[in-house]
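Please have the sequence and the structure open side by side as you read.

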Amino acid sequence: MSAPARTFTVRNIQLLRALFAAASALMITFSSDHSAAVGFAVFGGFVAASGFIFLLGAWLAVPAGSRWPLILLGVIDLLTAIVSGVPTWRTDAVFFVVVIIWAAATGLVELIAGLRARRTDPAAKDAITVGALGLLLAVVLLIIPAGYSLQYSVDGAGALTLTGIILAVGMVGGYTAIVAVFLAIAGFSPNRSDAQDAETTKDADTDDATSASVETGGAP
C-alpha cells in the first residue's frame, strides 16, 4: 500500500520561496535607496520568511530521514534574520560579511543536499542550481570592494556616486529575482515523480488486464 499523499509538498516550498524572493527583488528594484539599512531590511525579511518556509516544509513535506537540509537551511536563515535586525550592525561592511557568509553557507548546504539526492529525488537538480547561485552570489560579493566609490555624472541628473554597498544590494536583488523565476518555473512544472508514478500504475494496470485476458482465454 502506497503512503498517503502529502498536502504540503516540495512544490509548495518552491512556490513560497519564489513568492518571497520575487517580493524582495521588487522592493530592491523599485527602491531609490540602496543603503545598508534598506538592504538589511529587505534581506532580513527575505531570509526570515525563507527560514519559516524551510522549517514548515521539513515538518510537512518530507519524510523524517530527509529533513536535515531543510532544518539546517531554516536555522541558518533565521539566525541571519536575527543578525540583520540589529540596528547597530546595519553598516556597509557588516552587510557584505553577513550576506557573503549566508550565501556561502546556504549555497553549500543546498548544493551538497542536491548532489546527494540527485539519483532518488526529482527536485534535487533544482536544489543544485539554487545552491550554485548562492555560491556565485558569495563570490561576486567577495570581488566587490566594500569601500568602492565612483563619481560620475548623467545629463539631467547631475553628479552621482556609485558605491560598493549600492552594487552589493543590487546584486542581492538580482539574485532574488533569478531565484524567484527559477523556483516558480520549477514549482509550476509537471511533477516528475507523479508522472513516473502514473506511468508505473498504467503499466501495472495493463499487465493485470493482460493476465486476466490470458486466464479467461480472451473472453470479455
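## Overall layout

How many helices and strands are there in the protein? There are 7 helices and 2 strands, where helices (H or I, at least four residues) and strands (E, at least two) are DSSP runs numbered from the N terminus. Starting at the N terminus, the order of the elements is α-α-α-α-α-β-β-α-α. The protein has 220 residues, and 34% of them count as buried; buried means under 20% relative accessible area, with a 1.4 Å probe and protein chains only.

This is a predicted model, in which local features need pLDDT of at least 70, side-chain atom pairs count only at pLDDT 80 or more, and totals for chains, interfaces and linings use all residues. Residues are numbered from 1 along each chain as its sequence is written, and side-chain values use heavy atoms, with hydrogens and water left out.

The structure holds 1 salt bridge, a term for a side-chain nitrogen of Lys or Arg within 4 Å of a carboxyl oxygen of Asp or Glu. Arginine 17 and glutamate 110 are the partners, with their side chains meeting at 2.9 Å, N to O. Arginine 17 belongs to helix α1 (residues 10-29) and glutamate 110 to helix α4, so the pair ties together parts that are 93 residues apart in sequence. Both arginine 17 and glutamate 110 are buried.

## The cavity

Now look inside: the structure holds 1 cavity of 30 Å³ or more. On a 1 Å grid over the protein atoms alone, a cavity is a set of points where a 1.4 Å probe fits but cannot get out, and lining residues have an atom within 4 Å of a point. Grid points are joined across faces, edges and corners, and the volume is the space filled by probe spheres set on the points.

The largest cavity holds about 70 Å³ of space. Its lining includes both salt-bridge partners, Arg17 and Glu110, and among the other lining residues are Phe46, Leu73, Trp102 and Tyr175. Two or more lining residues come from each of α2 (36-60), α3 and α4 (92-117).

## Valine 99

Helix α4 is also the place of valine 99. Valine 99 is buried, with a relative accessible area of 0%.

Conventions: 1 Å grid on protein atoms, 1.4 Å probe; cavity = no way out; pocket = protein on both sides within 12 Å on 5 of 7 lines; lining within 4 Å. Buried < 20%, exposed > 50% of the residue type's maximum accessible area, 1.4 Å probe, protein only.
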